[in-house]
Amino acid sequence: MPTETLILVLAIDRGAGPAPLTEHRTKAAVPFGGKFRVIDFTLANCLHSGLRQVLVLTQYKSHSLHKHLRDGWSIFNPELREFITPVPPQMRESQEWYAGPFDAIRQNRYLIERSRARQILVLDGGAVYRMDYAELVRAHAESNAEITVAVRAVNGCGSGTQARVELGDAERIAGFSPPAPAPVDNSLAAPIPDEIERLETMGVYVFDRGFLLEEMARLDQARRDEGAVADTDLALDIVAPIVADHSVVAYRFGQDRGRVTPDRYWCDLASIDAYYQANMALLRAEPPLDLYQADWNIHTYQGQYPPARTVPGATSGNEGIFVNSMLAAGTVISGGGVNHSVLFPKVRVQDGAIVEASILFNGVTVGEGAHLRNCIVEKDVEIPPRMQIGHDLKADRERFTVSEKGVVVVTKIP
């Protein structure tokens with residue numbers, strides 16, 4: 001199975017969010033969980049599933065992602081036909097960039113044709129979840145399907161952002177419909193009656209290789225005969241029109257089959273509020289996403305930084321403290337206080353500074369006496385001494401981006 005599956009990870013654009021964190025990087029490269037990048041979860045799933053022939057299709061502001069792949073994921077052995085290779089638009093047939101997810105696949109048809117794979121696993125690199133893809137591929141082979149679409153129950157982060165799925169007999173997909181928007185805070189959503197099961201796609205597809213090549217040829221001919229083919233969503237634009245005439249089946253996410261614990265967590269970080277809540281959820285006593293499963297660790301790049309520590313403030317002599325927070329390597333709290341927050345590497349919290357319910361990216365410095373609340377601070381930003389952010393949202397909106405739920409995103413200090 002490992003050499004019979006070619007993986008295409010889509011990381012070609014900003015995605016639906018979370019802007020402005022995607023202003024200078026693709027969504028797949030956005031930091032997450034104190035030390036990771038979003039794409040690490042997809043790639044770790046490939047690693048642990050034993051599927052190690054991975055092409056990462058990149059396009060939008062891809063330098064950060066390419067650097068991360070080089071530094072953190074140069075771990076496979078090409079002598080064993082293992083690889084993780086970034087593939088920006090090659091323009092072999094035209095001078096066009098990737099026009100959408102299926103066009104990105106189509107433009108790399110030559111890589112599919114020369115592969116020995118029997119099936120093509122297509123993944124969205126902008127979602128956070130853990131999944132044993134080997135079981136998905138096995139189920140695809142057992143069903144003799146031409147396409148298998150991973151689906152999940154609508155009950156958590158990201159609900160209402162993906163295409164809805166209608167099932168017929170024997171888990172065959174009867175159709176798709178556009179997503180139904182849902183509030184970020186799912187406690188505000190109207191309850192779904194027990195007898196109604198709502199399923200959504202999750203950006204995971206298995207295509208029979210021969211069928212995929214035939215479908216590419218058919219769509220190329222349709223493009224020549226009829227003009228442009230819609231290509232913004234694989235499920236709605238590409239798979240939905242052919243479900244009546246082809247074998248398209250669903251694979252339910254979170255089954256007991258497979259080696260990863262079925263926590264059934266999936267989040268596509270479609271907004272600042274979804275991104276913020278997903279990070280804050282990691283601080284719960286029992287978080288919805290288990291980062292601590294010993295045999296399913298999330299691999300990433302880590303700089304060789306010293307251990308995180310707290311020290312007394314140079315002026316006040318007060319001890320640095322942190323409560324219910326994540327602190328990455330190289331972080332130093334010097335007489336300041338951190339509560340219910342996620343701090344990435346090399347963060348500095350100076351004497352008397354307070355950080356509450358916030359996410360601080362790599363290299364952030366919080367000056368003496370500053371106070372942050374409900375903030376996301378971009379990498380290398382220096383918060384001036386005694387500045388307060390997150391306390392007066394009206395004033396904050398004049399300087400920063402503020403989400404619908406009142407999360408302040410600090411990308412620079414004006």
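How far apart are the closest N and O atoms in the salt bridge that arginine 399 forms with aspartate 396? They are 2.9 Å apart. A salt bridge here is a side-chain nitrogen of Lys or Arg within 4 Å of a carboxyl oxygen of Asp or Glu.

This is a predicted model, in which local features need pLDDT of at least 70 and side-chain atom pairs count only at pLDDT 80 or more, while totals for chains, interfaces and linings use all residues. Residues are numbered from 1 along each chain as its sequence is written, and side-chain values use heavy atoms, with hydrogens and water left out.

The structure holds 16 salt bridges, including these:

| Salt bridge | Closest N and O atoms |
|---|---|
| Arginine 399 and aspartate 396 | 2.9 Å |
| Arginine 373 and glutamate 356 | 3.6 Å |

Relative accessible area (1.4 Å probe, protein chains only) sorts residues into buried, under 20%, exposed, over 50%, and partly exposed, in between. Aspartate 396 is buried at 1%, whereas arginine 399 is partly exposed at 33%. Arginine 373 is partly exposed at 33%, and so is glutamate 356 at 23%.

A network of salt bridges links Asp103, Arg106, Arg109, Asp220 and Arg223.

Strands are DSSP runs (E, at least two residues), numbered from the N terminus, and two of them pair if DSSP finds at least two bridges between them. Strand β9 (residues 164-167) runs antiparallel to strand β10 (residues 173-177), joined by four bridges. Leucine 167 has isoleucine 173 as its bridge partner in β10. Five residues separate the two strands of this hairpin, and alanine 170 in the turn has a positive phi of about 55 degrees. β9 also pairs with strand β11 (residues 199-208) in the antiparallel sense, over two bridges.
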